[in-house]
Amino acid sequence: MIGYGFMGRAHSNAWRQVRSFFDVPYEPVLKTICGRNEAEVKKVAANFGWEEYSTNWEDVVRRDDIDLVDICSPGHTHAPIAIQAAESKKILFCEKPLANSLVEAQDMLEAAQRNACVHMICHNYRRAPAVSLARKLIEEDRIGNIYHYRATYLQDWLRNPEFPTRWRLDKSKAGSGALGDLFSHSADLGRYLVGEMSEVTALLNTFVRTRPVVNDELKAEVDVDDAALSIVRFENGALGTIEATRYATGRKNFNRFEINGSKGSLAFNLERMNELEFYSDEGPNSGFTTIQTTDRAHPYLRGWWPPGHIIGYEHTFTHTVLELLWALAEERLPTPNFTDGVKNQRILDAVERSANSRTWVSV
Ligand SMILES: NC(=O)c1ccc[n+]([C@@H]2O[C@H](COP(=O)([O-])OP(=O)(O)OC[C@H]3O[C@@H](n4cnc5c(N)ncnc54)[C@H](O)[C@@H]3O)[C@@H](O)[C@H]2O)c1
């Protein structure tokens with residue numbers, strides 16, 4: 001694993017949990033975790049039971065006793081790590097967005113394919129049971145033809161202009177701001193639930209252009225977007241709106257979508273992730289039903305607790321690595337994979353081109 005921060009800890013937990021709760025034909029061995037700060041990486045390695053730690057990912061990804069490389073570091077590191085790991089024939093598991101540019105993402109996919117690597121991207125929200133159930137209901141034609149996809153991904157951690165800069169606000173490291181961080185998730189859920197997008201028109205905005213630097217009198221320029229808004233047209237004729245921002249005062253991780261079809265509608269909000277709202281013309285009432293997605297029959301729930309004993313954010317990562325292990329056992333490519341990552345990056349790229357040119361652009 002490369003990176004021991006937020007995602008490094010979420011993935012470490014997932015690899016540790018997966019075999020305790022689900023039947024999987026492999027035993028993940030947490031071999032070595034990498035980061036640049038030796039004292040910190042040592043601490044995380046001990047907390048999560050990694051056998052070793054390292055401050056040099058180049059050495060680690062070439063090792064013969066490593067089968068899988070899990071990339072949990074900032075965007076600018078994804079392509080070099082994934083391509084090196086692909087050349088060393090490793091299984092590739094990478095955080096989203098796949099890269100900082102479409103070209104880099106394509107290079108990663110090409111390296112993975114050329115070396116016949118199994119590859120997966122971590123769009124973990126697909127694996128919230130309520131989201132998987134939404135997909136199942138759509139596949140069963142329970143909401144009919146889809147007319148609308150209305151997605152918002154709202155946070156507020158940047159609204160204070162004195163909040164100091166970090167890698168996420170530096171284009172050379174993050175690639176983009178709310179666009180790659182939040183919008184990319186909503187775009188992935190749109191592709192997963194509704195279909196491919198054909199064209200977009202978009203707005204990007206940076207509200208605060210300089211920010212304090214920790215332990216420094218200088219201010220740093222913010223060269224990524226704070227908010228990304230888009231209108232999208234899907235290939236199947238559905239219309240969508242996606243709004244992602246770090247300035248939605250009061251909203252912490254408001255990852256919500258609503259889908260309206262000819263026979264019914266679905267709505268999901270990560271902050272109430274054990275629930276799926278479902279409206280059906282076939283139902284006895286004229287309102288939405290809230291389905292609590294904790295019965296054993298619901299996706300992934302047979303591994304966890306009795307009905308009504310809710311699960312949380314970290315479980316989405318456990319389900320994602322479970323999908324990867326199942327795919328390995330069945331000798332197929334897991335989803336979403338680097339091809340999905342490239343398709344997602346095409347959308348991000350189109351959003352940027354549209355915002356810059358103030359026109360509709362094709363995906
Ligand atoms: N799936 C999700 O919901 C989700 C959520 C948050 C972040 N992410 C993605 O995960 C990735 C990491 O984000 P994070 O929030 O965990 O960041 P973070 O800042 O919490 O952690 C980043 C880690 O990368 C390490 N790192 C940075 N540069 C490195 C380098 N050159 N070589 C080796 N290690 C390096 C740091 O030491 C740190 O351990 C990003 O791609 C981000 O977009 C995904």
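A pocket, on a 1 Å grid over the protein atoms alone, is an open set of points with protein on both sides within 12 Å along at least five of seven lines. A molecule sits in a pocket if more than half of its atoms lie within 2 Å of the pocket's grid points. The legends below describe a predicted model, in which local features need pLDDT of at least 70, side-chain atom pairs count only at pLDDT 80 or more, and totals for chains, interfaces and linings use all residues. Residues are numbered from 1 along each chain as its sequence is written, and side-chain values use heavy atoms, with hydrogens and water left out.

View 1. The ligand sits in the largest pocket. Helices (H or I, at least four residues) and strands (E, at least two) are DSSP runs, numbered from the N terminus. The ligand is surrounded by 22 residues (a heavy atom within 4 Å). Y4, M7, K96, W167 and R168 are the closest. By class, 11 shell residues are nonpolar (Ala, Val, Leu, Ile, Met, Phe, Trp, Tyr, Cys and Pro), four are charged (Asp, Glu, Lys and Arg) and seven are polar (the others, Gly among them).

**View 2. Polar side chains at the ligand.** The distances here are between N or O atoms, with a polar contact cut-off of 3.5 Å. H78 places a polar side-chain atom 3.0 Å from a ligand oxygen atom. E95 has a polar side-chain atom 3.0 Å from a ligand nitrogen atom. For N124, the distance to a ligand nitrogen atom is 2.9 Å. On its own the ligand has 850 Å² of accessible area (Shrake-Rupley method, 1.4 Å probe), and the protein covers 86% of that area.

**View 3. Strand β7 and its two partners.** Two strands pair if DSSP finds at least two bridges between them. Strand β7 (residues 197-205) pairs with strand β10 (residues 227-234) in the antiparallel sense, over eight bridges. L203 has L229 in β10 as its bridge partner. Strand β16 (residues 361-362) also runs antiparallel to β7, joined by two bridges. Here E199 stands opposite S362.

**View 4. Strand β6 between antiparallel and parallel pairings.** Strand β6 (residues 146-154) runs antiparallel to strand β12 (residues 254-261), with eight bridges. R150 is the bridge partner of E258 in β12. Strand β11 (residues 239-245) runs parallel to β6, with seven bridges. In this pairing Y153 stands opposite A244. In a regular strand, side chains alternate between the two faces of the sheet.

Notes
A polar contact is a pair of N or O atoms within 3.5 Å; within protein, one must be able to donate a hydrogen and the other to accept it, and residues adjacent in sequence count only if both atoms are side-chain atoms. On a 1 Å grid over the protein atoms alone, a cavity is a set of points where a 1.4 Å probe fits but cannot get out, and a pocket is an open set with protein on both sides within 12 Å along at least five of seven lines; lining residues have an atom within 4 Å of a point.
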